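Hi,

Here is the structure I promised to pass on. Have a look at it first, and then read on for what turned up.

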Amino acid sequence: MRVVGLMSGTSHDAIDAVGAEITLRDGVIRVRIAGWLSRPYAPGLRGDLLAALPPEATDMAALCRLDTAIGQAFAAVADVAVREFFGGTADLVASHGQTVFHWVEDGSVRGTLQLGQPSWIAERTGLTVVSDFRSRDIAAGGQGAPLVALFDALWLAGREQRCAALNIGGIANVTVTGGPAVAFDTGPGNALIDAAVELCTDGREHLDRDGARAARGRVDDDLLRLLLAEPYFRLPPPKTTGKELFHRGYLERVLRGRMLTPTDIVATVTALTAHTIADALAPFAPAEVIASGGGTRNPVLMSMLAEKLPAARLLTSDHLGLPSAAKEATAFAVLGFLTAHGLPGNHPACTGAARPVVLGSVTLGTAGLTLPPAPPVAPSRLEVLTDA
């Protein structure tokens, strides 16, 4: 199948699209990436989205408008992707949508909400859309995250050493393989770094580009110790978190009464991300940590992480033929492919679900969708094909 995978993560900054040609034969999923692109949210839409996120209050009218506007934005990106990567014809769109709330209570996930009405995508492209991937795993008793765990486990199945696939988005998550697979959110990835930059610039800037601010700052040990005392970091996996916890208001409360320079604040929360990722991986002692996501473009964060993981080889997914900026969109393209074939897309040992389940809801395109027959052999490995 020719699948367009769409993703916007917890940084809430852009929509990523991947065109993936996916086959499944003899238990092996093979993925060839036809192309990928990223389109930033229009400033007005991003502003409205951020204004509706916790800890801000919102209303149903705002959510309705956002669901439509985000759906239209995803539809426009999908349309470009279908034309650029597949000459105007594809088989399926897999849309993660935009997470606006992940309801965690007493350590259990009760629900989740991703906006981006898939009907706009189906109408714009004429293609069938798989969306709302997380809800079924939650209904089966899971955390609904990290859903990339199955992709990671299949992708790294052939590695001889114990590996950890690390994604550093707004929230950082890991999948550890080489034994019984385990996956969970480690805590903030870029979330508090972005919040610190917004706080220190009165909202004029939203990220620490190339880690420039952190590079000029000094890590404040007292603030770092206070941040590391957050109870989430001590919870056992499976576990998941989001900007419902790690947001600008959270950082403002921690900083109250402290006199620090803006660059020191950014340096300290950057160190927090590195510390919490390394601490989360320490019990598993991976030989390789394969990183992806926007955080890989922050050289200060990656340097701190390498220092905290001296026994592991730290590399990016690009080294394995999977562009780090395209990994999550590729993973959801694969999850959409699995749904279309009636195959489970969750990894119960990683999400905590009671059983494997087929993920997502299906919005039919103009021509409908004829489901392929269920493969006789469940996938046990995934290969990313390169043209090299």
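Bear in mind that this is a predicted model. Let's start with the sheet: it is open and has five strands, in the order β9-β8-β7-β10-β11, with mixed pairing. At the edges you'll find β9 and β11 (313–316), each with a single partner strand, so one side of each has no neighbour in the sheet. From one strand to the next, the twist averages 20°.

If you zoom in on β11, you'll see that it runs parallel to β10 (residues 288–292), with four bridges joining the two.

Next, helix α6 (residues 191–200). How many of its 10 residues are buried? Eight are, so to speak, tucked away: the helix is mostly covered. The buried ones are A191, L192, I193, D194, A195, A196, V197 and E198, and you'll notice that D194 and E198 are on that list. The cover over these buried residues includes α1 (43–52), β8 (171–177), β9 (182–188), α7 (212–216), α9 (248–255) and α10 (262–281). Just past the end of α6, D202 takes a positive phi of about 55°.

One of those covering helices, α9, gets a paragraph of its own. Its axis and that of α6 are 9 Å apart, and the two helices pack at an angle of about 70°. That makes α6 roughly perpendicular to α9. On the α6 side, the residues involved are L192, A195, A196, E198 and L199, and they meet R248, Y250, L251, E252 and L255 in α9. Sorted by class, this contact has seven nonpolar and three charged residues, and no polar ones.

The largest nonpolar core has 47 residues, and within it L166 and L281 touch the most other members. Helix α10 supplies the largest share of this core, with 11 residues. What does L281 contact, leaving aside its neighbours within four places in sequence? The list is A164, V174, V176, P286, V289 and L309. There is also a second, separate core of 42 residues, with I29, F133, A140 and A165 among them.

Cheers

How values were computed. Residues are numbered from 1 along each chain as its sequence is written. This is a predicted model: local features need pLDDT of at least 70, side-chain atom pairs count only at pLDDT 80 or more; totals for chains, interfaces and linings use all residues. Side-chain values use heavy atoms; hydrogens and water are left out. Buried means under 20% relative accessible area, exposed over 50%, partly exposed in between (1.4 Å probe, protein chains only). Contact means heavy atoms within 4.5 Å. Two strands pair if DSSP finds at least two bridges between them. Axes are lines fitted to C-alpha atoms, for helices over the stretch in contact, and angles run from 0 to 180 degrees between N-to-C directions. Angles under 35 degrees count as roughly parallel, over 145 as roughly antiparallel, 65 to 115 as roughly perpendicular and the rest as oblique. Ala, Val, Leu, Ile, Met, Phe, Trp, Tyr, Cys and Pro count as nonpolar, Asp, Glu, Lys and Arg as charged, and the others, Gly among them, as polar. A nonpolar core is a set of buried Ala, Val, Leu, Ile, Met, Phe, Trp, Tyr and Cys residues joined through side-chain atoms within 4.5 Å.
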